[in-house]
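Here is a walk through one part of a predicted protein model, written for someone who likes to check the numbers. Have the sequence and the coordinates open as you read.

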Amino acid sequence: MDKFVIEGGERLQGTVRISGSKNAVLPLLAATILQKGEYRIDNVPRLKDVRTMTRLIALLGGATEWADEHSLKVDTRDLTNHMAPYEIVKEMRASVLVLGSLIGGLRRATVSYPGGCAIGERPIDLHLKGLSALGCDVRLREGYVDVTAKKLKGARIHFDKTTVGGTENVLMAAVVAKGETIIENAAREPEVVDLAHMLKRMGAKIEGEGTEIIKIKGVDQLIPCDYEVIPDRIETGTFLVACGITRGNIEIEGCVPSHIQPIIEKLREVGMDITENGSTIRASMSKKRPNAVDIRTAPYPGFPTDMQAQMMALMSTAKGASAITETIFENRMMHAAELRRMGADIRAVGNTAIVKGIKMLTGARVMATDLRASASLILAGLTAYGTTEVSRIYHIDRGYESIEEKLKGLGAKIERRKDEDLGS
Ligand code: UD1
């Protein structure tokens, strides 16, 4: 196992380039299962989760090969297996995104039922409700959800809770269902829109992606395509916070500012100067201490839950007190306890954390509990006095491409080392 060793106190400066989006590429790769053929996906981030998804595609009978550093060729011509095993799903919950595409492509999906995870229970009842409405027979046996569809027929599906993965799964099955499907209270996240765009390039008929109502007219046949993944908005937000917390001055290239407006607006309240110019953002904290702001996570276009932990690190050093409320996941405050070990004054009551900013965090040995929590601990380490060691960083490798190299490029002192202290 690796750990990061960070010497805090360096102001970040320079330019960083954003990678392709993790949460977009996973459903896009799943979509290649819908229609047998050859695909090329560009701007694919080199992440552990991407490797897990390519392993899953291989187990299903497909093949993947890197054409260059960030372009992945996917060949699903021989894909005939419909079983996503426990070993893969337990590593990556997003494996459930093959449910919709296996049903659409093979009319059968047997997928290990995902368990809870570090941030909450995360059931898939809404995915299954949507697939049932499309005419699927859904059974649970021996830890697996077994879905078959003799015929897929369009339906009106109302999600009583906004679900990104549920919207994506239903979308993938509905594009080849007979007739019209209407998804009400659909997720509006840019990653859902990206999936809809790829499906449209494959010949699907979709309207309303990016709004609460998505209309789909099923087609008989799709065609394989080439596609480029959108930039990662959470990575972009994380680097913005890195700039804020170190009171730095950076330029972020290759991002989509419109995807991160809620983050930009919050960070302007915090006191950052942020200017947008096409796909580049300039951010500066000009040596100021951040203002305290309140944060409440919400589905897009609200403030993303995937940025909550990073903002908590930032608020730990703010001038004043802030209330951070998590509304999406019931157990997403684990980083609060680790940040406290660095001196942060955080009191978490239920899903709200009251963070009283202090002048300076101090370095400590801390443990990453999930992907975004790991990011928040690294951010805290960048500003803390002394040395911070973040262990269990395999979480970060799931979702941030070469984070230490990118941070070093901005002047941070961060090293990846072997963690001898296993399990302690
Ligand atoms: C996706 C993102 C994740 C992000 C989350 C919310 C990917 C791979 N992951 O996760 O990074 O934090 O969106 O923006 O894209 N729910 C149910 N029943 C369901 C499905 C969801 O109750 O069938 C609940 C969940 O437990 C959660 C909420 O709905 O409380 C939102 O979950 P959802 O949008 O589905 O998140 P994911 O797609 O799993």
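First, the ground rules. This is a predicted model, in which local features need pLDDT of at least 70 and side-chain atom pairs count only at pLDDT 80 or more, while totals for chains, interfaces and linings use all residues. Residues are numbered from 1 along each chain as its sequence is written, and side-chain values use heavy atoms, with hydrogens and water left out.

**The four-strand sheet**

Helices (H or I, at least four residues) and strands (E, at least two) are DSSP runs, numbered from the N terminus. Two strands pair if DSSP finds at least two bridges between them. With that in hand, the order E2-E15-E17-E16 describes an open sheet of four strands with mixed pairing. Strand E2 (13–17) and E16 sit at the edges, each pairing on one side only. From one strand to the next the twist averages 15 degrees. (Axes are lines fitted to C-alpha atoms, for helices over the stretch in contact, and angles run from 0 to 180 degrees between N-to-C directions.)

Here is how the neighbours pair up:

| Strands | Sense | Bridges | Example pair |
|---|---|---|---|
| E2 and E15 | parallel | five | Thr15 and Glu251 |
| E15 and E17 | antiparallel | four | Asn249 and Ser284 |
| E16 and E17 | antiparallel | five | Thr275 and Arg282 |

E16 and E17 form a hairpin with two residues between the strands, and Gly278 there takes a positive phi near 60 degrees.

Is Glu251, at 17% relative accessibility, buried or exposed? Glu251 counts as buried, because its relative accessibility is 17%; buried means under 20% relative accessible area, exposed over 50%, and partly exposed in between (1.4 Å probe, protein chains only). Glu251 is found in strand E15 (residues 249–253). Leaving out residues up to four places away in sequence, Glu251 touches Gly14, Thr15, Val16, Thr280, Ile281 and Arg282, where contact means heavy atoms within 4.5 Å.

H9, meanwhile, lies across E16 and E17 and runs at about 145 degrees to E16.

How do H8 and H9 sit relative to each other? Their axes come within 10 Å and cross at roughly 10 degrees, which makes H8 roughly parallel to H9. (Angles under 35 degrees count as roughly parallel, over 145 as roughly antiparallel, 65 to 115 as roughly perpendicular and the rest as oblique.) On the H8 side, Arg233, Gly237, Leu240 and Val241 meet Ile263, Ile264 and Leu267 of H9. Sorted by class, that contact has five nonpolar, one polar and one charged residues. Here Ala, Val, Leu, Ile, Met, Phe, Trp, Tyr, Cys and Pro count as nonpolar, Asp, Glu, Lys and Arg as charged, and the others, Gly among them, as polar.

H9 (residues 261–270) has Pro262, Ile263, Ile264, Lys266, Leu267 and Val270 buried. Their cover includes helix H8 (233–245), strand E16 (273–277), strand E17 (280–284), strand E18 (295–296) and helix H10 (308–315). Just past H9, Gly271 has a positive phi of about 115 degrees.

H8 also packs with helix H12 (residues 371–383), at an angle of about 20 degrees and with the axes 9 Å apart. H8 and H12 are therefore roughly parallel to each other. Among the residues in this contact, Val241 in H8 and Leu379 in H12 both take part. By class, the contact of H8 with H12 has eight nonpolar, two polar and one charged residues.

Strand E1 (residues 2–7) pairs with strand E23 (residues 387–391) in the antiparallel sense over four bridges, with Glu7 bridging to Thr387. Strand E22 (residues 365–367) runs parallel to E23, joined by three bridges, and Val366 has Val390 as its partner.

Most residues other than glycine have a negative phi, and most peptide bonds are trans. The Tyr300 to Pro301 bond is cis, with omega near 10 degrees; Pro301 is in the loop between E18 and H10. Glu142 has a positive phi near 50 degrees and is exposed, with a relative accessible area of 80%. Asn185 has a positive phi near 55 degrees and counts as partly exposed at 22% relative accessibility.
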